[in-house]
Amino acid sequence: MVTNFKQFGLACALVLLAALPCSAQEQSNLLTPQLLENYAATKFTPTAEKRVFAQAEKDCLAKAVYHEARGEPEAGQWAVAQVILNRVQHHKYPDTVCGVVYQNAHKAHRCQFSFACDGKSDKGGIGNRIVRISWVKAGLIANHAYKQFQQEKSVELLPLTTLFYHASRVQPKWASAYQPVKKIGAHIFYTPL
């Protein structure tokens, strides 16, 4: 009886294979060298290049979170990451994380994020245990936030229109032109009016 079921199963499999619209050979004939060349000439990027790019983006985001908010509560670190990712999606800013983080970094005191043009090393996590822990935490936040960004999800801590922030100890002239949306730790976050 078991043999009959095996034979029946084999027969069903053969019928299903025969019913497929085209064979594997016919499918491979559809992938012509010209078709593959045309695909490669479009927006094709090899996976290895995509990985290198994504790692660089996460590294830039981690540096920004670390230097801008390492002493802040975790929500403040997430908020800094979200502002950067919001800017990446905004038409007035560069379309990469590194582009946003290092925008105008070549101009002294005219960059978007002070650590990017202060003349000091941007490497993080060098020093005592607390500094190293802060660097690891910034990296974890950056990795998770960037993954959500790739999946077209938001951190959802702030409105997607939140593009600015400053430390509450200073009062920049530009702040009056924007709407404050939230204070987290020592930072005030803003959206355009």
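**Close-up views of side-chain links and the nonpolar core**

Two salt bridges are counted in this structure, a salt bridge being a side-chain nitrogen of Lys or Arg within 4 Å of a carboxyl oxygen of Asp or Glu. The model is predicted, so local features need pLDDT of at least 70 and side-chain atom pairs count only at pLDDT 80 or more, whereas totals for chains, interfaces and linings use all residues. Residues are numbered from 1 along each chain as its sequence is written, and side-chain values use heavy atoms, with hydrogens and water left out.

**View 1. The salt bridge of Asp59 and Lys63.** The side chains of Asp59 and Lys63 meet at 3.2 Å, N to O, and both residues lie in helix H4, four residues apart, about one turn of the helix. Helices are DSSP runs of H or I with at least four residues, and strands are runs of E with at least two, numbered from the N terminus. Asp59 is partly exposed at a relative accessible area of 30%, while Lys63 counts as buried at 16% (buried means under 20% relative accessible area, exposed over 50%, and partly exposed in between, with a 1.4 Å probe and protein chains only).

**View 2. The salt bridge of Glu74 and Lys137.** The side chains of Glu74 and Lys137 meet at 3.8 Å, N to O. Because Glu74 lies in helix H5 and Lys137 in helix H7, the pair ties together parts that are 63 residues apart in sequence. Glu74 is partly exposed, at 43%, and Lys137 is partly exposed, at 30%.

**View 3. The disulfide of Cys60 and Cys98.** The sulfur atoms of Cys60 and Cys98 are 2.0 Å apart, a disulfide being a pair of cysteine sulfur atoms within 2.5 Å. With 100° about the S-S bond, this link of Cys60 and Cys98 is right-handed. Cys60 belongs to helix H4 (residues 47–69) and Cys98 to helix H6 (residues 97–101), so the pair ties together parts that are 38 residues apart in sequence.

**View 4. The disulfide of Cys111 and Cys117.** Here the sulfur atoms of Cys111 and Cys117 are 1.9 Å apart, and the torsion about their S-S bond is about -60°, so the disulfide is left-handed.

**View 5. Leu61 in the largest nonpolar core.** Leu61, Ile84, Leu85, Val97, Tyr146 and Phe189 touch the most other members of this core of 38 residues, a nonpolar core being a set of buried Ala, Val, Leu, Ile, Met, Phe, Trp, Tyr and Cys residues joined through side-chain atoms within 4.5 Å. Leaving aside neighbours within four places in sequence, Leu61 is in contact (heavy atoms within 4.5 Å) with residues including Ala81, Ala142 and Ala145.
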